[in-house]
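Hi everyone, thanks for making time. Let me put the sequence and the structure up on the screen, and then we can walk through a few spots together.

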Amino acid sequence: MPEDLFGNITPDPATRGGTSSRRRGSLGDVTADAPLAVRLRPRTLDEIVGQKHLLGPGSPLRRLAEGQPMSVFLWGPPGVGKTTIAAVVSHTTGSRFVELSAVTAGVKEVRAEIDAARAELARGRKTVLFIDEVHRFSKAQQDVLLPAVENRIVTLIAATTENPSFSVIAPLLSRSLLLTLEPLGEDDMAELVERAVTDERGVRTPAGGMYAIDPDARANLVRLGGGDARRVLTYVEEAAATATALGTDTITPEILAQAVDRATVRYDADGDQHYDVISAFIKSVRGSDVQAALHYLARMLSAGEDPRFVARRLMILASEDIGMASPSTLQLTVAAAQAVQMVGMPEARIILSHAVIACATAPKSNAAYLAIAAAMGDVDSGKGGPVPPHLRDAHYASAEKYGHGVGYLYAHDQPHAVAPQQYLPDDLVDARYYQPTDHGFEAQIAERLSAIEVLLGRASSPDSAESEGPERSPKSASESSKIDTIQASSDSPT
């Protein structure tokens with residue numbers, strides 16, 4: 001790029017003012033052959049459908065469109081208006097619009113655009129720099145943007161489908177506003193469908209007339225769109241083309257089904273949607289909502305998620321959220337994981353459905369999870385003194401000399417195979433990590449544990465509460481009977 005008399009870089013004539021197709025980007029000339037989603041792109045903020053929470057009076061986007069200098073990150077799923085908002089802001093303010101894709105642009109291109117923006121600013125013209133998929137920029141590329149954003153050489157509008165907190169460097173994010181865009185609602189989608197057939201820029205029959213849309217087809221379009229404006233407009237355009245090919249001006253459900261194979265599931269195996277859907281899946285199973293759990297399972301599998309990943313998560317859940325309330329559920333999930341590995345898709349979906357239903361409908365307990373968390377918490381905090389001498393290894397000749405193993409009671413020589421002796425280190429003798437619930441089979445475990453605590457001498461028997469003095473035996477007849485009863489019923493937990 002040449003320099004002027006004052007040392008300012010002058011953009012090449014072919015690209016000055018954003019006249020090249022790359023720099024005009026979303027503000028480029030729209031031809032009749034352009035996709036419907038491009039032809040119907042809003043020209044003002046008032047034409048934008050959805051995002052009402054960002055477009056009210058005094059909102060950041062309104063102030064940005066009115067010329068207030070600020071840089072923003074637009075975070076949201078595809079097809080909700082990120083590129084459109086950037087283009088409208090640029091058009092409304094009369095700024096030069098530059099569009100870069102983080103997929104193809106490197107540090108060299110970013111520096112060149114900033115230099116050009118600096119030259120244009122010297123002439124009194126501001127630049128809106130729109131970067132799509134900004135989460136794909138490396139740290140070095142993002143560092144290049146910092147001075148330009150901080151000194152307001154450009155108004156940065158960056159679009160991303162990923163959480164910027166994880167993908168954008170903190171200094172750049174702290175100098176910008178983060179605006180979250182939401183998927184379009186059903187009313188918004190219906191408005192877009194209506195606009196597609198009534199607006200002068202919308203679809204037209206070969207004779208120049210408007211297409212009619214059957215009410216059921218309209219409802220299907222809204223549903224299939226899934227909150228994505230670009231997708232629903234693409235479906236309208238394809239349905240209109242199919243109707244024309246069939247010699248009709250009416251879009252029916254049958255024509256729509258022929259034009260659109262099936263709804264694309266909104267799910268990115270490497271991005272936020274992956275974590276959001278698996279989170280909703282796990283929480284639905286944990287919350288015992290089997291219908292929701294099956295829905296999220298279907299979404300993951302339809303989007304191509306690895307069924308082995310789902311099976312692994314179910315094995316974890318079987319211990320973390322079900323545990324001793326239904327001990328056999330872990331066995332079932334392990335078997336399901338092995339079956340999924342051997343069978344593969346598509347039949348693996350049936351096995352996973354079986355496992356999901358079992359987990360969602362099983363009684364729940366997180367007592368096992370809380371128990372190990374508490375025990376590890378004590379260890380991490382430095383608790384846990386020497387192992388009691390009678391529990392130490394005594395297999396070598398001089399062990400008795402050191403008191404190791406002396407006084408140890410062999411459990412199987414004791415009534416009910418419960419030996420009353422100290423097992424925990426001295427500083428943790430009162431620790432109680434496992435606190436069973438009264439859910440499912442764990443209610444029986446709780447009763448058994450209560451009896452064991454008495455036999456171990458760590459709790460008093462209700463029948464001997466009135467007894468006093470050191471002569472009181474912890475092994476009451478009632479506790480022995482309770483152990484026998486519970487032992488018989490615990491051989492086949494459910």
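Let me begin with a question: in which loop is His416 found? It is the loop between H18 and helix H19, residues 442-455. Please keep in mind as we go that this is a predicted model.

I picked His416 for its backbone. Its phi is near 60°, a positive value in a residue other than glycine. As a reminder, most residues other than glycine have a negative phi, and most peptide bonds are trans. His416 counts as partly exposed, because its relative accessibility is 27%, between the 20% and 50% cut-offs.

Arg152 is another one for your list: its phi is positive too, about 55°, and it is not a glycine. You will find Arg152 in the loop between helix H6, 139-150, and strand E4, 155-160. With a relative accessibility of 53%, Arg152 counts as exposed.

And then there is a peptide bond to look at. Met345 and Pro346 are joined by a cis peptide bond, with omega at about 10°. Pro346 sits in the loop between H16 and H17.

Let me zoom out for a moment. The protein has 494 residues, of which 44% count as buried, and its secondary structure comes to 20 helices and seven strands. Of the contacts with a separation of 6 or more, 71% are between residues 24 or more positions apart.

Now for some helix packing. Two packed helices are described by the angle between their axes and the distance between the axes. Take helix H15, residues 307-322, and helix H16, residues 328-343: their axes come within 9 Å and cross at roughly 175°. The angle is over 145 degrees, so H15 runs roughly antiparallel to H16. On the H15 side the contact includes Pro307, Arg308, Leu314 and Met315, while H16 brings in residues including Thr329, Leu330 and Gln341. Sorted by type, this contact has ten nonpolar residues, four polar and one charged.

What about H15 and helix H17, residues 348-361? Here the axes come within 11 Å and cross at roughly 20°. That angle is under 35 degrees, which means H15 is roughly parallel to H17. The crossing is left-handed. H15 contributes Pro307, Val310, Ala311, Leu314, Leu317 and Ile322, and H17 contributes Leu352, Ala355, Val356 and Cys359. These divide into ten nonpolar residues, with no polar and no charged ones.

My last stop is Ser365, in the loop between H17 and helix H18, 367-380. Is Ser365 buried or exposed? It counts as buried, because its relative accessibility is 3%, under the 20% cut-off.

So who are its neighbours? Leaving aside residues up to four places away in sequence, Ser365 touches Glu320, Asp321, Ile322, Gly323, Ala325, Thr437 and Glu442. With Glu442 there is a polar contact of 2.4 Å between the two side chains. The side chain of Ser365 also reaches the backbone nitrogen of Ala367, at 3.2 Å. And Pro436, which is 71 residues away in sequence, has its C-alpha 8.0 Å from that of Ser365.

Conventions: Residues are numbered from 1 along each chain as its sequence is written. This is a predicted model: local features need pLDDT of at least 70, side-chain atom pairs count only at pLDDT 80 or more; totals for chains, interfaces and linings use all residues. Side-chain values use heavy atoms; hydrogens and water are left out. Axes are lines fitted to C-alpha atoms, for helices over the stretch in contact, and angles run from 0 to 180 degrees between N-to-C directions. Helices (H or I, at least four residues) and strands (E, at least two) are DSSP runs, numbered from the N terminus. Angles under 35 degrees count as roughly parallel, over 145 as roughly antiparallel, 65 to 115 as roughly perpendicular and the rest as oblique. A crossing is left-handed if the near helix is turned anticlockwise from the far one by less than a right angle, and right-handed if clockwise. Contact means heavy atoms within 4.5 Å. Ala, Val, Leu, Ile, Met, Phe, Trp, Tyr, Cys and Pro count as nonpolar, Asp, Glu, Lys and Arg as charged, and the others, Gly among them, as polar. Buried means under 20% relative accessible area, exposed over 50%, partly exposed in between (1.4 Å probe, protein chains only). A polar contact is a pair of N or O atoms within 3.5 Å; within protein, one must be able to donate a hydrogen and the other to accept it, and residues adjacent in sequence count only if both atoms are side-chain atoms.
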